[in-house]
Amino acid sequence: QGGNQMEQKQAAIFNDLSGFGRCSISVILPILSAMGHQGVAIPTAVLSMHTEFPHYHMIDLSDQLPAYLESYRKEGLRFDALCTGFLSNPTQAQIARSCLQLLKEDALVLIDPVLGDGGRPYPTITKEIITQMRSLASEAGVLLPNLTELCLLCGRPYPDAFPSRDFLLSCCEELCAAGTRNVVVSGLELDGRCCSFIYAEGKADEVWNEKVGEGRPGSGDVFAAVIAGSLLRHETLHQSVERAARFVEAAMRKTLQEQAPHAWGLCFEGLLSELMPTAR
């Protein structure tokens, strides 16, 4: 893989841009850059800071997106990957689908269905957004739900204990029957450890790592970005998930060391060199 630098990939990031708080585009862009790829921002909304801060200011860009994407079409741009995240309203799911026309034939479509956590949808998530996200998920090469999002997408009740392998398998099979190619269920916790459950090509696989601290805003974006960057370097899905889980764990340790407030997200910047392609 010494030729990593030669095959620089371009990844479109369909997500919001938060100025402060380390999430979405402001996390994904530097991680993809460190991994040797070019990130291309398609901002769905611009926020002064993410919505966990009480005084955030948000500008929804839904109305601007069709013209934004049309300029790419006219320029004949074609991307190697599309990474989608938080959608602020149902129309954005349809606009995200239109981004698929800007992709090369074998492009990676990585969808993080940001819908909820802890067994509940986020405050801005409506039934309509869940329906639209279900439809968008059918286009995913890799779908990255947490357990809450898996249940919302499959219309299942949230389990009150660590989910059984059969439960996870049946949810993943249902999603793949609708068109999704691979599923990675993140953030499953048991006995002080975290599990990422991988369902790929009809087979189940697991990646375990130590649980450090409490989940923070944007940690899912860090996880998704490292997976995308690794897959674009032709690593396997298992290798990509392993690298992402290790990186999030290391960033969490660093964040606790720095004693950063919870809403400030993960202090990952000092660790970016660990993701850089090694010259061989």
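**Close-up views of a predicted model**

View 1. Of the 280 residues in the protein chain, 53% count as buried. Keep in mind as you look around that this is a predicted model. The accessible surface of the chain comes to about 13000 Å², and 51% of that belongs to carbon and sulfur atoms.

**View 2. The fold of the protein chain, with eight helices and 11 strands.** The radius of gyration is 18 Å, close to the 19 Å that the globule rule gives for 280 residues, so the chain is as compact as a globular protein of that length. Along its principal axes, the C-alpha trace spans about 50 × 45 × 45 Å. Among contacts between residues at least 6 apart in sequence, 66% join residues at least 24 apart.

**View 3. Helix H7, residues 219-231.** This helix has 13 residues and reaches 19 Å from its first C-alpha to its last, close to the 18 Å expected at 1.5 Å a residue. Is H7 mostly covered or mostly open? Mostly covered: 12 of its 13 residues are buried. Among the buried ones you can look for Phe223, Val226, Ile227 and Leu231, along with Ser219 and Asp221.

**View 4. A nonpolar patch on the surface, formed by Leu17, Val46 and Ile59.** Together these three residues have about 200 Å² of accessible area. Ile59 is found in strand E3, which covers residues 58-60. Why does Ile59 count as partly exposed? Its relative accessibility is 43%, and partly exposed residues lie between the buried limit of under 20% and the exposed limit of over 50%.

Terms used:
Residues numbered from 1 in each chain as written. Predicted model: local features only at pLDDT ≥ 70, side-chain atom pairs only at ≥ 80, totals over all residues. Heavy atoms only, no water. Patch = residues over 30% accessible without salt bridge, like charges linked within 9 Å, V, L, I, M, F, W, Y side chains within 5 Å. Areas by Shrake-Rupley, 256 points an atom, 1.4 Å probe, with all protein chains shown as cover. Salt bridge = Lys/Arg side-chain N within 4 Å of Asp/Glu carboxyl O. Helix = DSSP H or I, 4+ residues; strand = E, 2+ residues; numbered from the N terminus. Buried < 20%, exposed > 50% of the residue type's maximum accessible area, 1.4 Å probe, protein only. Rg over C-alpha atoms; globule rule 2.2 N^0.38 Å. Contact = heavy atoms within 4.5 Å. Expected span 1.5 Å × (residues − 1).
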